[in-house]
Amino acid sequence: MAITLEIGRDNPNAQTIAASSAAPKAPAEDKPTLIGLDREELAAAMGTIGVPEKQRRMRAAQLWHWLYVRGVSDFSLMTNIAKDLRAQLAEAFSIARPEIVDEQISVDGTRKWLFRFPPRGAGRPVEIETVYIPEEGRGTLCVSSQVGCTLTCTFCHTGTQKLVRNLTSEEILSQILIARDRLGDFPDASTPQGAIVPSEGRLVTNIVMMGMGEPLYNFENVKKALLIASDGDGLSLSKRRITLSTSGVVPEIFRTGEEIGCMLAISLHAVRDEDRDILVPINKKWPLKDLLEACRNYPGLSNAKRITFEYVMLKDINDSNKDALELVRLLKGIPAKINLIPFNPWPGSQYGCSDWERIEEFADIVNRAGYASPIRTPRGRDIFAACGQLKSASERMRKKDRDALAG
Ligand code: SAH
Ligand code: SF4
């Protein structure tokens with residue numbers, strides 16, 4: 001059944017599309033998936049259906065190409081694999097996309113999808129949100145790593161939703177695949193087999209692990225998905241265009257650089273422990289000193305590979321000139337960029353967004369100290385796709401609340 005959020009209905013320009021009739025349905029049977037397996041696992045899966053050992057690597061490479069270069073989600077389209085084998089694969093495995101419950105398009109072109117994943121084991125189906133943000137010369141996909149979050153940052157809507165479960169590597173990767181399907185970002189079927197597919201002109205150029213959840217509390221699955229996303233024979237997204245954002249899970253930060261090698265963003269938001277303890281409660285476990293030490297040791301850190309520090313601008317909470325000066329002092333010696341995020345309100349939130357002049361003055365201080373300090377333009381607010389506004393459908397907003405916010 002199609003469920004629409006109907007948020008866009010209040011805004012004549014925003015579109016809400018009940019996408020489920022057009023979208024591929026979740027697989028009826030519970031077959032093991034081939035999406036999200038690394039090459040060795042894919043080769044081993046071939047073994048389980050009787051592919052001889054010396055052919056397994058070659059078959060895995062063929063599948064890799066179909067799954068990640070061509071974006072195929074139907075075995076019958078894999079034309080260089082013998083029909084019998086295709087039938088065997090279809091019998092034993094799934095490569096289906098998750099169900100699209102809803103798709104909304106903001107007046108500014110931002111898209112938000114609500115995806116439903118089938119139950120894992122005895123659990124229930126889960127729903128998560130993924131956001132696409134088109135900009136001049138690039139397109140960023142904001143990917144979720146968990147359903148809900150165990151952390152309770154006081155300014156974040158996701159933080160009010162208890163953790164339901166970690167997403168699997170398949171589910172993390174599927175967000176990229178299905179977004180590219182919907183955007184028409186995979187090469188079309190007429191592209192000759194084996195052709196090099198150019199990376200220019202793509203719609204999804206950047207990935208940010210900034211959707212729902214704390215990616216470093218789901219390290220192994222996030223790592224697996226991002227290594228597949230950056231594989232040069234597959235989706236081929238450059239690691240410089242993949243950014244993982246963490247609220248500060250200090251013990252996993254070094255491994256992120258060593259084992260994933262992506263760009264790092266830190267949700268800083270406060271410059272004193274007593275303030276950060278409230279805004280980002282994980283700070284009580286790993287305070288600023290430990291967090292910044294981990295940042296200084298981030299593998300590959302240089303002026304060409306800076307850490308992004310995210311700082312949400314909360315009126316009268318963390319936005320004074322004194323805070324800006326302390327921020328500059330704290331980050332001394334760390335190649336950094338500071339991303340100032342105007343606070344995005346949600347129903348029941350206890351904070352307000354700093355005034356625009358305040359944000360600009362704050363940015364100037366940081367900028368004069370030599371740091372790039374872009375102010376992030378809120379995107380997709382009309383469809384509740386902006387930072388910190390994501391939350392599962394199970395706890396979706398009531399219309400009354402949305403109207404109050406739309407004000
Ligand atoms: N859990 C990770 C990644 C997801 S949150 C993390 O905390 O880093 C992605 C970014 O959105 C974080 O910087 C987060 O602090 C910010 N954010 C959360 N709620 C927000 C809100 N209401 N307004 C603006 N930014 C918000
Ligand atoms: Fe979780 Fe990040 Fe939100 Fe904090 S800001 S509650 S870590 S999603």
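Ligand 2 has around it Cys149, Leu151, Cys153, Cys156, Gly159, Gly213 and Ser247, where a residue is near a molecule if one of its heavy atoms lies within 4 Å of it. By class, this shell holds 4 nonpolar, 3 polar and no charged residues; Ala, Val, Leu, Ile, Met, Phe, Trp, Tyr, Cys and Pro count as nonpolar, Asp, Glu, Lys and Arg as charged, and the others, Gly among them, as polar.

The model is predicted, and local features need pLDDT of at least 70, side-chain atom pairs count only at pLDDT 80 or more, while totals for chains, interfaces and linings use all residues. Residues are numbered from 1 along each chain as its sequence is written, chains are lettered from A and ligands numbered from 1 in the order in which they are written, and side-chain values use heavy atoms, with hydrogens and water left out.

**Ligand 1**

Around ligand 1 there are 21 residues, of which Gly213, Ser245, Ser267, His269 and Asn344 come nearest. The shell is made up of 10 nonpolar, 9 polar and 2 charged residues.

| Protein atom | Atom of ligand 1 | Distance |
|---|---|---|
| Ser267, polar side-chain atom | oxygen | 2.6 Å |
| Glu310, polar side-chain atom | oxygen | 3.0 Å |
| Asn344, polar backbone atom | nitrogen | 2.9 Å |

Taken alone, ligand 1 exposes 530 Å², and the protein buries 95% of that, with accessible areas coming from the Shrake-Rupley method with a 1.4 Å probe. The elements that contribute two or more residues to the shell around ligand 1 are β9, β11 and β12 (336-342); helices (H or I, at least four residues) and strands (E, at least two) are DSSP runs, numbered from the N terminus.

Strand β9 (residues 242-246) runs parallel to β10 and is joined to it by 4 bridges, two strands being paired if DSSP finds at least two bridges between them. Within this pairing, Thr246 stands opposite Ile266 in β10. From β9 the chain passes through helix α6 (residues 250-260) to β10, a β-α-β crossover that is right-handed, meaning that, with the strands pointing away from the viewer, the path from the first strand over the helix to the second runs clockwise.

Strand β11 (residues 307-313) also pairs with β10 in the parallel sense, over 3 bridges. Here Ser267 has Glu310 in β11 as its bridge partner, and the side chains of Ser267 and Glu310 each place a polar atom by an oxygen atom of ligand 1, as tabulated above.

**Strand β5**

Because 4 of the 5 residues of strand β5 (residues 138-142) are buried, this strand is largely enclosed by the rest of the structure. It is joined by 5 bridges to strand β4 (residues 126-135), with the two running antiparallel, and Val131 stands opposite Cys142 in β5. β4 and β5 form a hairpin with 2 residues between them, and Gly137 in the turn has a positive phi of about 80°.

**Residues in loops**

Most residues other than glycine have a negative phi. Ser236, in the loop between α5 (219-229) and β9, has a positive phi of about 60° although it is not a glycine, and at 28% relative accessibility it counts as partly exposed. His269, found in the loop between β10 and α7 (273-279), likewise has a positive phi, near 70°, but at 3% relative accessibility His269 counts as buried.

Key. A polar contact is a pair of N or O atoms within 3.5 Å; within protein, one must be able to donate a hydrogen and the other to accept it, and residues adjacent in sequence count only if both atoms are side-chain atoms. Buried means under 20% relative accessible area, exposed over 50%, partly exposed in between (1.4 Å probe, protein chains only).
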